[in-house]
Amino acid sequence: FRKITMAGTTSDTLGSRTYVGLIVAQFTNSFNDQAAHIIGNFFACDMLIGYAKLQGVDEKLLVAVVTLCFIAPLLIFSPFAGILADKKSKRTIVVTMKCLEASFMLLGLVAMLLPKLSHFYPEATRTLGITSALLMILVVFLMGVQTAFLVPAKYGIMPEILSPMVLSRGNGILEGTSFVAQLAGTSFGGILYSMLKRPSDIETGFQDSNAWIALAVLLALALAGTVGALAMGPVPAAAPHRKMTFNWLTPLRESFSVLAKSRPLALAVVGIAFAAFMTLYSRQSLLYEGETRKQLDMARQAYAQKLNQENPTPGDTTTDLIEIGHEGVSESQKSELRVSMLIAMVGLGIGVGSLLAGHLSGSKLELGLVPIGGVALAGVTATLAGVLNTPWAMFVCLVLVGLCAGLYVVPLYTMLQHRAPKEQKGNIVAASNFVNVAGGVIAIATFYLVTFIGESIVGQLPEITEASATPERLAENVSLLESRLWIPKLLFTTASIMTCGMLLMICRLLPDFF
């Protein structure tokens, strides 16, 4: 292993302990970010809605609040994080943030164990449940703060520890492992939480639940990532004399001034933001598709049960199909597991695509991969819209979506690091991160707009109570939900059109890409 010296010499091999330590640190961080986010979503919904039954709180509101708690810190703290990444050693920032991550995971573990205190204080069971959910939401917010400070350091340090001849390959591995960690963390968090949670846990307020094991695993990963960060060699600060400011607009103004003077640099930032936009938009689309199918399955079961009640078959022993599916797995759990697996397919593709982009780039910055990945992404998302009802084809398309995204985004990150001024790399990366979050907000707004239009065309679902649950009303509900399955197709078709628009802009601004 080649060490990075105090003089800041770069390594011409990807085997340096600083680079390996960085990969371990950022992988565990990206993984824990998303896993804590999805577990926080599920746990807050189960505890506040399913158990505490808070008035005026529904799943859509809680998902929006938890997501806002995760992305708001990226908007608020990214400008300051960029200055800090240039003023201080980026290695020091990585180590500090990893130590904080471990402490946040410990707080999350405490939150998940809190309901067990109801054995000693039964009169405070509901209070303990609500407090544990709020603590988990706080953990999601704190992880967002930690990520806001880590991202400029981890991307800005790359050209400081790797020579130009291995920077593209290094970025391929960094970006590939980062995206794989993000999507694997989402999948792992959803799958592990669903497997550990029992249907009875919601009724009992998680008093005897084993769901806390999920946070124990994340804590172990955070500690492993901290060890990786500590293994990194010393890296000097890029601009130690730079003044720290707490004016939120000052660092952004400086960064955008630099971007305005370099069209390729500005295009790299916009292109990366579009990748963040597409990642969140596709994730929301998959969640919507999964939720619609879950509602349809439950509606069909309710309809079949109602017919069975009105026309009983001798010897029939049908149980409550609305609550429990086959093998004792609830419909909610089956939906969570299915969507988690679909998201994992995208993560697998991004990992392969990012590594492939690094390999194809070799020892240079290969911008020709950007339009190749973009054109392929537009084609695959359009194909995906047509095969959503064919499971194997859907899985293949999701892997290809990830692969194309990896080919598209890795050269852009390399160009961003290569062209950014040495003393402002952290600041430029922070500005890029700020634009990414803005892209994520636009993605959520676009998703809600498209689904609102689609649901307005299909029609609103009827409100069915136990008293009004006639076979006719239930059949109407099933028919409307079947019609709603075309909305995910509309979502992915829209994604393909937006990708084509992005490619057209790149072609007009920088024809050399093509």
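Leaving aside neighbours within four places in sequence, which residues is S132 in contact with? The views below start there. The model shown is predicted.

**View 1. S132 and its contacts from elsewhere in the chain.** S132 belongs to helix 4, which covers residues 125–156. Beyond its neighbours within four places in sequence, S132 is in contact with F43, M47, A111, L114 and P115. Is S132 buried or exposed? Its relative accessible area is 0%, so S132 counts as buried. One of its contacts, F43, returns in the next view.

**View 2. The aromatic pair F43 and F206.** A search of the whole structure finds 11 aromatic pairs. F43 and F206 have ring centres 5.2 Å apart and planes at 80°, so this pair is edge-to-face. An angle over 60 degrees is what places a pair in that class. The pair links distant parts of the chain. F43 sits in helix 1 (residues 17–51). F206 sits in the loop between helix 7 (199–204) and helix 8 (212–230).

**View 3. An aromatic cluster around the pair.** Which residues form one aromatic cluster with F43 and F206? F42 and Y193 do, giving a cluster of F42, F43, Y193 and F206.

View 4. F206 is found in the loop between helix 7 and helix 8. F206 has a relative accessible area of 2%, so F206 is buried.

**View 5. K53, with a positive phi and an exposed position.** Where is K53? K53 lies in the loop between helix 1 and helix 2 (59–87). Its phi is positive, about 50°, although K53 is not a glycine. Relative accessibility is 53% for K53, so this residue counts as exposed. The cut-off for that class is over 50%.

**View 6. Helix 9 from end to end.** Helix 9 runs over residues 249–260 and has 12 residues. From its first C-alpha to its last, helix 9 reaches 16 Å. That is close to the 16 Å expected at 1.5 Å a residue. Which residues of helix 9 are buried? They are T250, P251, L252, S255, V258 and L259. An α-helix has 3.6 residues a turn, so residues three or four places apart point the same way.

How values were computed: Residues numbered from 1 in each chain as written. Predicted model: local features only at pLDDT ≥ 70, side-chain atom pairs only at ≥ 80, totals over all residues. Heavy atoms only, no water. Phe/Tyr/Trp six-rings, centres within 6.5 Å; stacked < 30°, edge-to-face > 60°. Helix = DSSP H or I, 4+ residues; strand = E, 2+ residues; numbered from the N terminus. Buried < 20%, exposed > 50% of the residue type's maximum accessible area, 1.4 Å probe, protein only. Contact = heavy atoms within 4.5 Å. Expected span 1.5 Å × (residues − 1).
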